[in-house]
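Thanks for coming, everyone. Let me put the structure up, and then we will walk through it piece by piece.

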Amino acid sequence: MIEPLLFVLLLALAVAILKLKDLFAIAMLSGAFSLVSAGLFTLMDAVDVAFTEAAVGAGFTTVLFLGTLAVTANTERQQPFRLGPLLVVLVVGAVLIWAGLDAPLYGDPTAPVHTHLGAEFIGRAPSEIDMPNIVTAVLASYRGYDTMGETAVIFTAGVGVMLLLGGRKGRDLDEEDQD
Amino acid sequence: MSEVLGHWNQVAVIVLMMIGLYTVISSDNLVKKVIGLNLFQVAVIMFYVSMGKVAGGTAPIFPVDEAGNYVTDIAFSNPLPHVLMLTAIVVGVATTALGLSLVIRIQEAYGTVEEDEILDMDHREAHV
Amino acid sequence: MPLSEQEMGKSPMRMRDKLVLRVVSMAFIPFILLFALYVQFHGDYGPGGGFQAGVIFAAGVILHGLIFGLRSAERVIPPKVVEIMSALGLLLYVGTGLLCVALGGRFLEYGVLDHHDPVHGQHYGIILVEAGVGIAVASVMLCIYYAVAGRGRR
């Protein structure tokens, strides 16, 4: 049972991210956080998710935060302790834990989540798609509409970033101004 | 108490989620708020993936036996949460990038990314 | 205090002068790009697929940008190419769906892509769709990197 240990490490990293004021260190810790969570995903048999999290979280997101910190200040201002947010978080957390108590136990093979669509996909994929990786079969074929929508969202986000940050043309103009 | 221990995965995920939420609502720095949202997102993804785990199961990729046929009579973890969360991670980083570009534009317009200072400036502007 | 320009790889001065970084990244970048292609096309058999491959490919180019400067990365893959490819990736996905409609099936019903064996049609469809996802993800990630890193230059 190495999962709870990794969870403890993950929680420690999250608390460090919460407590630190140096945003540069926080960006680095969030990369480490993603790497540890990728390890946990592997232990939960989600190898594709772990792969994505390791590539995206530990690689790309860190570069993104560093790029932002090059423009903004890289330390957070000291703040007085406020009781309100802590109370909100404690109440919401307690309610969520209480609400989750009658959910199926971790790893229970008879949980409702495993008895409908998941089992159906595993049963039909060998004859209908004939690919060893069920995740790819479900992603690209059975749930092709969903993946198309996700690709469109990624494209839209890219367009949004280009609009906000000026994209290629805006930057070339800025440089001409500087010269 | 044993009920809570049996659901250790949910409890851990919810604690993680609440640390993320607390970072979002207690910090005034917009970059740190985005990092808090990221923690929250990883917690939600972890929740879905932990629901897909089957005890004694393996990753949802069919092993191939010597004759070249798929071995289908072993327990696999549920592939559906994996599919949904895999796309959610990449969409999440794209939307994080959108949020950070907004932060960059705010920095350029106001010269700060501390929320209370930005609100002060807006407030003063409205009363001039 | 904001990060200095060298730390973001925008100035060609310091990162490029570090011999170990330069040699190691020069040796690694081709393998990272090759690994991205492996992940893309081996996704049917093992972990991987378009989403992961796109991010890994972009990471290879971003590593080049961090070490040799943003300008150098923009010469390798110009921003204009990246912008066009991000739309082309999505169009390849939607186009595969429309091709299925043109061949008499429903939208994204890959079975009709091969008129002998619907299972082979599924394979063609999945490869095309994954290629679309890979192209779109890689170019959007590069687009975002160019936009954010270029903004910090000032």
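**Starting from one arginine**

Leaving aside residues up to four places away in sequence, Arg124(A) touches Ile129(A) and Tyr142(A). Contact here means heavy atoms within 4.5 Å.

A word on the ground rules. This is a predicted model, where local features need pLDDT of at least 70, side-chain atom pairs count only at pLDDT 80 or more, and totals for chains, interfaces and linings use all residues. Residues are numbered from 1 along each chain as its sequence is written, chains are lettered from A and ligands numbered from 1 in the order in which they are written, and side-chain values use heavy atoms, with hydrogens and water left out.

Back to Arg124(A). It sits in helix 5 of chain A, residues 112–128. Helices are DSSP runs of H or I with at least four residues, strands are runs of E with at least two, and both are numbered from the N terminus. Arg124(A) and Glu3(A) are 121 residues apart in sequence, and their C-alpha atoms are 31 Å apart in space.

**Two aspartates with positive phi**

Stay in chain A. Most residues other than glycine have a negative phi. Asp130(A) has a positive one, near 60 degrees. Its place is the loop between helix 5 and helix 6 (134–142) of chain A. Asp130(A) counts as partly exposed because its relative accessibility is 32%.

Asp45(A) is not a glycine either, and its phi is positive, about 70 degrees. Look for Asp45(A) in the loop between helix 2 and helix 3 of chain A. Its relative accessible area is 10%, so Asp45(A) is buried.

**The helices on either side of that loop**

How do helix 2 and helix 3 of chain A pack? Helix 2 covers residues 23–43, helix 3 covers residues 47–69, and they meet at an angle of about 175 degrees, with axes 8 Å apart. Axes are lines fitted to C-alpha atoms, for helices over the stretch in contact, and angles run from 0 to 180 degrees between N-to-C directions. The two helices are therefore roughly antiparallel. That label needs an angle over 145 degrees; under 35 is roughly parallel, 65 to 115 is roughly perpendicular, and the rest is oblique.

Helix 2 of chain A brings residues including Leu23(A), Phe24(A), Ala27(A) and Phe41(A) to the contact. From helix 3 of chain A come, among them, Val47(A), Glu53(A), Phe65(A) and Leu69(A). The residues of this contact divide into 15 nonpolar, seven polar and one charged. Nonpolar means Ala, Val, Leu, Ile, Met, Phe, Trp, Tyr, Cys and Pro; charged means Asp, Glu, Lys and Arg; the others, Gly among them, are polar.

**Helix 7 of chain A**

Gly166(A) follows helix 7, with a positive phi near 90 degrees.

**Between the chains**

Now the interfaces. In chain B, 79 residues are in contact with 85 residues of chain A. The area buried between them is about 7600 Å², with 77% from carbon and sulfur atoms. Buried area is the accessible area (1.4 Å probe) that two parts lose on being put together, summed over both. Trp8(B), Tyr22(B) and Lys32(B) lose the most area on the chain B side, together 9% of what that side buries.

One residue of chain B touches chain A: Asp116(B) contacts Arg77(A), and also Asp28(B), not counting residues up to four places away in sequence. Asp116(B) lies in helix 5 of chain B, residues 115–127. With a relative accessible area of 29%, Asp116(B) is partly exposed.

Chain C and chain B meet too. Here 11 residues of chain C are in contact with nine residues of chain B. They bury about 820 Å², and carbon and sulfur atoms give 81% of that. Phe51(C), Met141(C) and Arg151(C) supply 52% of the area that chain C buries against chain B, more than any other three residues.

**Last stop: chain C**

Chain C has six helices and zero strands. Buried residues make up 53% of its 154 residues. Just after helix 5 of chain C, Gly104(C) takes a positive phi of about 100 degrees.

Note on methods: Buried < 20%, exposed > 50% of the residue type's maximum accessible area, 1.4 Å probe, protein only.
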